[in-house]
Every structure is written in C-alpha cells, then in structure tokens.
Amino acid sequence: MAQIFKSPAAYVQGRDVAEEIGSHAEELGEEAVLIADEIVLDILEDRVLTSLEDAGLGTMSVEFNGEASETEIDRITSLAEEQGIDLVIGAGGGKALDTAKAVRTNIDESMVSMPTVASTDAPTSALSVIYSEHGEFQEYRFYEDHPDLVLVDTAIIADAPTRFFRSGIADGLATWFEADAANQSDGDNVVGGKPTRAGHHLARLCYDTLCDHGLAAVDAVERGAVTESVEAVTEANTLLSGLGFESGGLAAAHSIHNGLTQLEATHDATHGEKVNIGTISQLALEGRDDAFIEEYVEFSLDLGLPVTLSDIGLDDPSHNDLTVVAEAACDEEETIHNQPFAVSSSMVRDALLTADELSRRVRENR
Ligand SMILES: NC(=O)c1ccc[n+]([C@@H]2O[C@H](COP(=O)([O-])OP(=O)(O)OC[C@H]3O[C@@H](n4cnc5c(N)ncnc54)[C@H](O)[C@@H]3O)[C@@H](O)[C@H]2O)c1
Ligand SMILES: [Zn+2]
C-alpha cells in the first residue's frame, strides 16, 4: 500500500484574523453561508459577514442547532441549495465544523473551517463524526476533500472557556502516542494509506510543542490573553494534531475513547477529556516504564486534565461496564489494532483499571 499524506490547502492563524476572512476566502466562492450556533454567531457573525461583503461576496447565516446529525445536515443542505451557495463556512466547535463539512460535501462546493475553540483536531480533517439527534454516536463519514482554508482567530480562542483549550491539548498529546504506535506496526493511517515521515514527525512536533508550551498557554487562556505560547498550542491542537492523526494514524487511545462513549455517564466529559483516559490506558497497555506513565499523569494534572475514571463521570464502574467499554474499543473496525501487538478486550479492561489506580496514587502522593 502507498504512503499517503493529505491536508487542507491553506491554514491561517493569528490574533483578529476573523476580520480578514474576506481577503483569504475571496477566491473560494461568490455566495457564502456561515453555519454556527447562537453563541458563536454572537461572537463573530458581524465581523465575518462584513469582511466577506467587503471582499464582494454575498452572505447569509444559518443557526446550527448543536448536533452533527443527519436531520440537521439535511436541513442546512436544503437551505444552501435554495440560496445557490458555493462557499460553506463552518464556525464553532467540532460538531459545528463536522456539520459544515457534511453540508459542503452534499453541495460539492468550497469550504472554510473556522474553529472558535481549540478543543479538538476536527477543523483540519476530511471526516465528520455523525450523531443521532439525541447525541448517540452513529458513524464516521470520510470525504475526498479537506477544507480549502482553515482560519483560526487566536483572540477568540483565548477568550473561550479554558476547559476547551485543555481538552484540545489532551487530544493533541494522544496524537503522538497513536501515530507512533501506527508507525511501529506499519498500520494504516486515516486517509487510506501508510504513514509518511511527514505525518509521523508532525505528530511528534505536536507533542513536543505541547510539552514545551502547554502550561504557560493554559495560564494565558485563563486570563483571556494571547501569547506566543497560546499561538504555539493553538497550532499544535489544531493543525499539527489534525495532520498528525489523519496522516500519521490513530491507535488505542481513540478506540478507548470511543469505547467510553458507550457509557452514558461519560457524556458530560469533552472529547479531549475522554481521550486523556484513553492515552493513560494506552501507556499502561504498552507496558511503559512506571516513571514515564507517572510523568504523563503529573503533566495532565498540572494542565487540569482528568486522569481517573471518576474524573470523567464513572464513579466505581462495574466489571460489566468496563467490559462494554473494552469490547467496543476492540471492535474489528477500531484503530486499536494499529498497536504493534495483538490487543484483546481483557487486556484493555485491565489497562483501564491499572491506569485508574496508578493515576489515583499519583494524585494522592502530590
Ligand atoms: N471530525 C474530526 O476529525 C473530529 C475530531 C475530533 C473530534 N470530533 C468531534 O468533535 C465534537 C467535539 O467537539 P468540541 O469538543 O469542540 O465540542 P462541541 O462542538 O460539542 O461544542 C462546542 C461548544 O463550545 C461552544 N463554543 C464554541 N466557541 C466558543 C467560544 N469562542 N466561546 C464560548 N463558547 C464557544 C459552542 O457553542 C458549543 O456549545 C465531537 O462530536 C467529536 O466527535 C471530530
Ligand atoms: Zn480526537
């Protein structure tokens, strides 16, 4: 199988770049629709539409209802078709962006992805995670095309609740451990090929950037400040993590995350928060040295990330609950089989239990 690397055509990041969207997007279409929920429209609708209109584009906005569901995608697709839209602009968190990607694919036109939180690596990818109207996971949908432009205004990112920013760091830290496992096992990446050196090394750069700048960036975002560390971590959470996971490959941490979503009690934890439990469990599954796992848990605690099952809503989960998680994580379609050794559901359940106990001990000894 060939090595494949894919990415968005352009990435623009900086303080107040939302106001420049017109100059970056003017070649992409003539009639633009902005898809964002009420909170996000409040934050940027005026600025974004004015900039697009100044660049000569026609504009409209559609309020996103909050769920990346088939019904919502169909509703917005019909509106876009009626209005002759040829440029879809998605703004918000992962769900708004995943919805915009699906609408863009339905109408087969251009797309700008505008994350307003650095909470996941969804902004740069060519896939959507689709849910039922009630928020149950349904499927991954893979697309031919990436967004034509990803535009990230770091003033908006720094102003958003810090919890999103921390969650994006967890999603980004996992990227390296998973891409490295996929590389060691000669596994497949998410864009249908083997990892390139670029995919693997961008995942490593993501990890190093987060280790070097994560704590000071969280401090800055707590106060709504934009610093060079915030720029570095925003790029790591968004661009490096996105390219790293798609072109480098996923492995156990995200499969364990997907398994955890089977339990209703975890639904209040963010994507990145559940991924962090997946990462610590992956390290336990791999049999990493005690010192290495403990250092990772310490870093997570310093960042304000969850480390135990009860931190993500699972107080005292039953043996049966953890078996459900572990079995879902080991589904034959899951990326956990990119680990460089055979993985069974009992190994995953025991890794979850071990990671939980180890993290509890590290926290108690602080
Ligand atoms: N497609 C991919 O490659 C990919 C990758 C990772 C995660 N995901 C998906 O992304 C989703 C999770 O995304 P998420 O964690 O961003 O959460 P989300 O999209 O569910 O929610 C984001 C929330 O933040 C609010 N918000 C956005 N910007 C804000 C701002 N500047 N200030 C205040 N509030 C703001 C929104 O109103 C919304 O309530 C899940 O559905 C997950 O499956 C997809
Ligand atoms: Zn993720």
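Some ground rules come first.

This is a predicted model, so nothing here comes from an experiment: local features need pLDDT of at least 70, side-chain atom pairs count only at pLDDT 80 or more, and totals for chains, interfaces and linings use all residues. Residues are numbered from 1 along each chain as its sequence is written, while chains are lettered from A and ligands numbered from 1 in the order in which they are written.

Start with the whole chain. It has 13 helices and 8 strands. Helices (H or I, at least four residues) and strands (E, at least two) are DSSP runs, numbered from the N terminus. Along the principal axes, the C-alpha atoms fill a box of roughly 60 × 40 × 40 Å.

Of the 366 residues, 55% count as buried. Buried means 20 or more other C-beta atoms within 10 Å of the residue's own; exposed means 12 or fewer; partly exposed is in between; and C-beta atoms are placed from the backbone. Now contacts: two residues are in contact if their C-beta atoms, placed from the backbone, lie within 7 Å. Take the contacts between residues at least 6 apart in sequence. Of these, 79% join residues at least 24 apart.

Next, the sheet. Six strands form an open sheet with parallel pairing, in the order E1-E8-E5-E4-E2-E3. Strand E1 (10–14) and strand E3 (58–63) are the edges, and each pairs on one side only. The twist averages 15° from one strand to the next. Two strands pair here if DSSP finds at least two bridges between them. As a reminder, strands of a sheet pair through backbone hydrogen bonds, either parallel or antiparallel.

Back to E4. Strand E2 (residues 31–36) runs parallel to E4 (residues 87–92), joined by 4 bridges. In that pair, Leu34 stands opposite Ile89. Strand E5 (residues 110–115) also pairs with E4 in the parallel sense, over 6 bridges. There, Leu87 has Ser110 as its bridge partner.

Met60 has 13 other C-beta atoms within 10 Å, so it counts as partly exposed. Leaving aside residues up to four places away in sequence, Met60 touches Val33 and Gln83. Met60 and Ile35 are 25 residues apart in sequence, yet 8.9 Å apart in space, C-alpha to C-alpha.

Now the ligand. Which residues come nearest to ligand 1? Gly93, Gly94, Ala122, Ser125 and Val129, out of 27 around it. A residue is near if its C-beta atom, placed from the backbone, lies within 6 Å. Helix H2, helix H4 (94–107) and strand E6 (127–131) each supply at least two residues of the shell. H4 gives the largest share, 4 residues. By class, the shell has 12 nonpolar, 11 polar and 4 charged residues. Ala, Val, Leu, Ile, Met, Phe, Trp, Tyr, Cys and Pro count as nonpolar; Asp, Glu, Lys and Arg as charged; the others, Gly among them, as polar.

Stay with E6. It runs antiparallel to strand E7 (residues 137–142), with 5 bridges between them. Tyr131 stands opposite Phe137. The two strands form a hairpin with 5 residues between them, and Gly135 in the turn has a positive phi of about 90°.

Last, two contrasting spots. Helix H9 (residues 252–260) has 9 of its 9 residues buried. Those include His254, His257 and Asn258. The buried residues of H9 pack against H6, helix H10 (271–285), helix H12 (319–329) and helix H13 (345–364).

Then Asp186, in the loop between helix H6 (162–184) and helix H7 (197–222). Buried or exposed? Exposed, because Asp186 has 12 C-beta neighbours inside 10 Å. Asp186 and Asp356 are 170 residues apart in sequence and 30 Å apart in space, C-alpha to C-alpha.

Notes:
Axes fitted to C-alpha atoms, helices over the stretch in contact; angles between N-to-C directions.
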